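This briefing is intended for reading alongside the sequence and the model. Please consult both while following the points below.

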Amino acid sequence: MSANYDAIVIGTGQAGPSLAGRMAARGMNVAIVERKLFGGTCVNTGCIPTKTMVASAYAAHMARRAGVYGVNVEGTVSVDMARVKARKDAVSGKSRTGVEGWLKGMKNCTVYEGHARFESPHEISVGEHRLTSDRIFLNVGGRAIVPDMPGVDQVPYLTNSSMMAVDFLPKHLIVIGGSYVGLEFGQMFRRFGSEVTVVEMGPRLVHKEDEDVSAAIREIVESEGISVRLNAKCIAFSRSGDQAVVHLDCEDDARTVTGTHVLLAVGRRPNTDDLGLEKAGVALDAHGNIAVDDQLRTSVPGIWALGDCNGKGGFTHTAYNDGEIASANLLDNDPRRVSDRITAYALYIDPPLGRAGMTEAEVRRSGRKALIGKRPMARIARAVEKDETQGFIKILIDAQTHEILGASILGVGGDEVIHSILDVMYAKAPYTVIQRAVHIHPTVSELIPTILGELQPLI
Ligand SMILES: Cc1cc2nc3c(=O)[nH]c(=O)nc-3n(C[C@H](O)[C@H](O)[C@H](O)COP(=O)(O)OP(=O)(O)OC[C@H]3O[C@@H](n4cnc5c(N)ncnc54)[C@H](O)[C@@H]3O)c2cc1C
């Protein structure tokens, strides 16, 4: 069975559905293919379920801290993991069925369920179907890396995907990888009641962040009883009865951690290995991502790559933005580009880290003259009132242009407050615009103008 379309979209993650919707609304005849769960990673095994679980973990944490606020909670606080999972499944499932129903009911759009592979540059197979088009958009996303560490096949490890089925409390969860995904799961399971050890190969947690941010995050997770094992340069696995043993050092047999469950959170790889890209001649970059230009065009005319599979973002908002860039170029004669985008993301431990633009280390490496403002959350009234004073705010300014170069907000509300900075960065306005803005009291945001009024040279 073969059919020709004005456009084919492979994958229903964060870029594909909205792009398909825009093209179909313009009267184009569109096919969209999904091999597994509608909505992709964010909806099913990423942002939405994890943030729903983070909310349960926060509730448990605050229930344990209730006395601080003068609130009595009788007995010990315990967590019903089956109900945590059921709540997570309900939130994530609603989102998944929403995407699925929307696509299946969409005029001018045909949904194929199955694995798509290239047969030639403009021909795709999905089971017995052959689909052809002059425009093919790849939105195939990625999956957790299973590292080639000795003995990894001897322990029944978990990934972010299989974690979604966990409806029990692991007695001792060993998280391999002290970065974004690992820390979110680590803190939430600690708050659910598990013993948690985070094993990190490098000398500090979240190594892409500034050293002061890494140190503060370590302090936060350790203050909740999470054990952090750094410099695990040579990780290997073995079994001891029904326990998993993680060896942290290939030369020192004594450096081990024994636990009941292992979560692998050492990074993600693009789903590019089983797409038949070689039959289309689509080039990959050194990391196996699909190589694209600033407007997301691959090496083959008429094929674009959007979202995690192109290695340009790694977040839901960047994948969604890729869809906007593609549709703006294709449908609106608007030459939007990836390089218009400012780096921005959050790490959803509690308190969260909100990030925009350059880190302090990047500013220093750039060699430009800069100003810096920094304030601990303990000196922010709203944080004190809430008794959530961990972390700090740090903002970097170009000393010559007065534009904001970047910010890290590790603290209560950091994932929201960062947008007051991000929007001024997009406006390319000088920092004095926020410095003179009158923010609402009492908020964490109200201290942003204050910090900008106390800038010091970055030396
Ligand atoms: C635990 C975790 C937490 C996260 N939290 C956040 C967060 O808080 N905020 C944030 O911004 N980002 C977060 N992310 C990252 C975010 O989930 C991804 O960046 C985002 O989902 C990428 O979207 P995408 O459209 O590129 O791909 P995906 O969402 O992965 O979608 C790709 C789709 O393509 C389908 N597919 C793949 N190959 C084929 C094929 N050959 N044929 C047919 N279909 C195919 C897949 O089944 C999938 O449905 C998190 C990720 C993880 C793992």
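The notes that follow cover a helix, an arginine and the cysteines.

The model is predicted: local features need pLDDT of at least 70, side-chain atom pairs count only at pLDDT 80 or more, and totals for chains, interfaces and linings use all residues. Residues are numbered from 1 along each chain as its sequence is written, and side-chain values use heavy atoms, with hydrogens and water left out.

**Helix 1**
- Of the 10 residues in helix 1 (residues 16-25), 8 are buried; buried means under 20% relative accessible area, exposed over 50%, and partly exposed in between (1.4 Å probe, protein chains only).
- Helices (H or I, at least four residues) and strands (E, at least two) are DSSP runs, numbered from the N terminus.
- The cover over the buried residues of helix 1 includes strand 2 (7-10), strand 3 (30-34) and helix 8 (316-331), contact being heavy atoms within 4.5 Å.
- Gly27, which follows helix 1, has a positive phi, near 90°.

**Arg375**
- Arg375 lies in strand 21 (residues 370-376) and is buried, at 8% relative accessible area.
- Beyond neighbours within four places in sequence, the contacts of Arg375 include Phe392, Leu447 and Glu454.

**Cysteines**
- The whole structure has 1 disulfide, a disulfide being a pair of cysteine sulfur atoms within 2.5 Å.
- Cys42 and Cys47 form this bond, with sulfur atoms 2.4 Å apart; the S-S torsion is about -135°, so the disulfide is left-handed.
- Cys42 is buried at 9% relative accessibility, whereas Cys47 is partly exposed at 25%.
- Cys109 is in no disulfide, the nearest cysteine sulfur, that of Cys309, being 18 Å away.
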